[in-house]
Amino acid sequence: MSIELDKIFAASPATTRGQPTQLSADPKGEQIAFASGKSIFIRSLTNPSSSKQYTSHTTTTTVAKFSPSGFYVASGDVSGKIRVWDSVEAVNTKGEYPIISGRITDIAWDGDSQRVIAVGDGRERFGHCITADSGNSVGEVSGHSKVINAVAIRQQRPLRAATVSDDGSMCFLHGAPFKFNSKATGLHKGFVQGTEFSPDGSWLVTVGSDKRIQVYDGKTGEPVKVVGEGVHTGSILGVSWNKDSKRFVTASADKTVRVWDVESGENVATWKIGEEGSSNPQDQQVGVVWTRGPEETIISLSLSGDLNYFTIDSSTPQTVIEGHNKSVTALSVTSGSNGTKITTGSFDGKVVAWDVGTGIGHAPEGEAHSNQVVQFASAGGRVYSVGWDDTLRIIDEASNLFLASPVKLPSQPKGISASSDGTIAVALNSSVAIYNGDGELLGETTVNYTPTAIAISGSYVAVGADNNSVQVYNLSSGGKLSPSEKLTNSTAAISTLSFSPEGKHLAAGNSSGKIVVYTAGSWEVATDRWSSHTARVLSIAWNQAGTHAVSGGLDTNVHVWSLAKPGSRVKAANAHKDGVYGVAFVEGDSKVVSSGGDAAVKVWNVKNLQ
């Protein structure tokens with residue numbers, strides 16, 4: 001058997017309300033790079049399922065910028081370190097350099113792809129200039145009294161750099177080595193959030209929370225004019241130039257993206273995100289980049305994490321790329337007439353339905369969970385979900401809609417499972433509830449232990465307990481459960497349960513990383529040798545034939561197991577940073593999908609199952 005990575009459906013960029021989020025496009029305009037969780041993702045503009053993930057940061061990442069050559073990326077994190085690495089494979093690290101003692105907010109490269117300036121929120125200093133290959137100092141960043149929000153370097157000689165800060169000023173640096181030259185104060189009346197030199201080096205623009213767009217001379221740093229005074233009605237959080245150096249685009253918390261002509265100062269194009277009259281703050285625009293490819297696509301970032309693709313002659317977004325930017329805590333697979341769909345739910349309650357072939361995801365219409373999605377179950381063209389908002393919600397898979405109003409649960413759910421006839425079993429804090437396919441309660445059985453996991457197949461309902469046992473019940477009409485068997489082979493609390501498709505076997509994973517498989521009916525142990533996880537087993541799923549299973553654990557690994565050869569297994573190590581929360585077989589058992597703490601969804605090729 002073998003398992004290898006096929007494709008990554010990237011996480012969405014991590015966003016913070018009122019703060020700019022940096023996006024970066026490569027020189028050819030084919031890819032964008034952004035930070036999410038502890039990873040950096042490089043995403044293809046034309047093929048959303050083609051992504052690369054850089055995972056060498058050990059803390060939360062904040063920014064990633066392509067070098068002008070396109071061969072390297074410099075990325076920063078909250079610990080104040082930046083890493084320079086190869087953008088082709090997203091594996092080989094050229095160097096790791098400590099810059100400041102706090103969060104890195106922005107990074108800029110010089111035109112030779114040799115020098116880097118990184119800025120942020122430090123204690124002794126707010127930024128530093130280094131060489132990208134060795135980390136040697138090539139100047140200093142000074143002149144600010146508060147956190148620096150953005151930095152830009154002029155790509156031509158003589159080298160110039162600009163930094164903007166919460167202290168309301170813009171500092172102009174001469175280089176190399178870079179040193180303070182002048183300071184523009186009193187122009188912006190609040191936090192200055194973004195800055196960028198035009199590609200030809202003749203202009204510099206700064207934008208801020210005071211809704212002001214200030215243009216300067218690119219060589220001297222002298223203020224030239226204000227553009228679009230009073231047009232934006234919210235903080236401007238991002239700015240990016242077109243490659244012709246005549247136009248630039250701004251993104252604002254007023255939910256608009258606007259293109260400006262620098263000579264005339266006119267607003268030549270405007271897009272408003274979200275429905276007219278909506279007050280949803282998730283539509284606020286917190287970042288923007290104007291790509292340099294032949295399409296000249298403008299990509300803006302909503303506070304929700306959605307990436308909006310525009311071209312200058314379109315009145316609406318060409319594409320909206322959706323995804324998760326919090327840990328994906330639940331995963332389910334459905335196969336219907338319109339292909340295989342993956343449904344994922346995250347820590348913040350967001351649900352996304354993905355097309356396995358294209359890698360494009362869309363959030364279902366309707367009222368989603370307001371807190372962590374605990375688990376999904378699917379039956380009869382519907383996906384059932386339970387969450388920490390103590391509700392059961394139903395998604396119609398064909399229309400991608402949340403149906404009716406949510407079903408209020410008696411207490412916090414621990415898990416959900418569905419049988420092929422549409423009967424739903426939900427494990428609660430001190431009881432097990434049985435619902436029909438429309439979410440109507442059939443019966444609730446109180447138990448004298450705390451349920452931790454649940455699985456249903458035919459008339460069997462298996463419930464994992466915190467006392468290390470699996471309680472098996474017989475389900476009769478009217479939702480009544482009667483105890484049938486108590487399985488006590490586990491040495492730790494049960495963390496996940498899964499019946500094989502035919503209901504012949506039950507796999508029980510525990511919090512110490514062991515999986516025990518039972519034969520349904522006799523409840524004898526089929527194998528207890530699936531024990532390679534080194535931490536809690538979070539998810540188990542069977543293939544269609546019921547001969548193999550895949551599991552994901554808190555140890556970040558994915559394992560594929562064989563029932564006939566228990567010692568024969570394959571492992572995808574470090575599949576997801578911070579744990580693998582969901583796994584499933586798809587496409588005739590030739591592929592496995594997984595999701596986890598890095599907010600990404602990954603598809604793996606599995607070969608030679610034996």
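Modeller: Let us start with a term: a residue is called buried under 20% relative accessible area, exposed over 50%, and partly exposed in between, with a 1.4 Å probe and protein chains only. The model is predicted, so local features need pLDDT of at least 70 and side-chain atom pairs count only at pLDDT 80 or more, while totals for chains, interfaces and linings use all residues. Residues are numbered from 1 along each chain as its sequence is written, and side-chain values use heavy atoms, with hydrogens and water left out.

Biologist: Is Asp 210 buried, partly exposed or exposed?

Modeller: Asp 210 sits in the loop between β19 (203-208) and β20 (213-217), where strands (E, at least two residues) and helices (H or I, at least four) are DSSP runs numbered from the N terminus. Its relative accessible area is 22%, and therefore Asp 210 is partly exposed.

Biologist: Which residues does Asp 210 contact, leaving aside its neighbours within four places in sequence?

Modeller: Contact means heavy atoms within 4.5 Å. With the neighbours within four places in sequence left aside, the contacts of Asp 210 are Leu 187, His 188, Lys 189 and Gly 190.

Biologist: What is the radius of gyration of the chain, and why does it agree with a compact globule?

Modeller: The radius of gyration is taken over C-alpha atoms, and the globule rule is 2.2 Å times the number of residues to the power 0.38. The C-alpha atoms fill a box of roughly 85 × 50 × 40 Å, taken along the principal axes. Because a compact globule with 610 residues would have a radius near 25 Å, there is agreement with the value for the chain, 27 Å.

Biologist: What percentage of the residues in the chain is buried?

Modeller: The accessible surface of the chain comes to about 22,500 Å², of which 44% belongs to carbon and sulfur atoms; such areas come from the Shrake-Rupley method with a 1.4 Å probe, and for residues only the protein chains shown count as cover. Of the 610 residues, the buried ones make up 60%.

Biologist: Is Gly 95 buried or exposed?

Modeller: Gly 95 belongs to strand β9 (residues 93-98). Leaving aside its neighbours within four places in sequence, Gly 95 is in contact with Ile 82, Arg 83 and Val 84. Its relative accessible area is 9%, so Gly 95 counts as buried.

Biologist: Where does the cis peptide bond with omega near 0° lie?

Modeller: There is a cis bond between Ala 176 and Pro 177, with omega about -5°, and Pro 177 is in the loop between β16 (170-174) and β17 (179-184). Pro 158 is in the loop between β14 (148-153) and β15 (160-165). The cis bond with omega near 0° runs from Arg 157 to Pro 158.

Biologist: What is the phi of Asn 608, which is not a glycine?

Modeller: Asn 608 lies in the segment after β57 (601-607), and its 58% relative accessibility is why Asn 608 counts as exposed. Glu 587, in the loop between β55 (580-586) and β56 (591-596), is also not a glycine and has a positive phi of about 50°. For Asn 608, phi is positive, at about 55°.

Biologist: How far apart in space are Asp 348 and Asn 325, C-alpha to C-alpha?

Modeller: Asp 348 is in the loop between β31 (339-346) and β32 (351-355), and its contacts beyond four places in sequence include Asn 325 and His 369. Along the sequence Asp 348 and Asn 325 are 23 residues apart, and in space their C-alpha atoms are separated by 8.9 Å.

Biologist: Which residues are closest to the centre of the second largest pocket?

Modeller: On a 1 Å grid over the protein atoms alone, a pocket is an open set of points where a 1.4 Å probe fits, with protein on both sides within 12 Å along at least five of seven lines, and lining residues have an atom within 4 Å of a point. The second largest pocket holds about 1,000 Å³ of space, a volume being the space filled by probe spheres set on points joined across faces, edges and corners. Of its 30 lining residues, the closest to the centre are Asn 280, Gln 282, Ser 304, Asp 306 and Glu 322.
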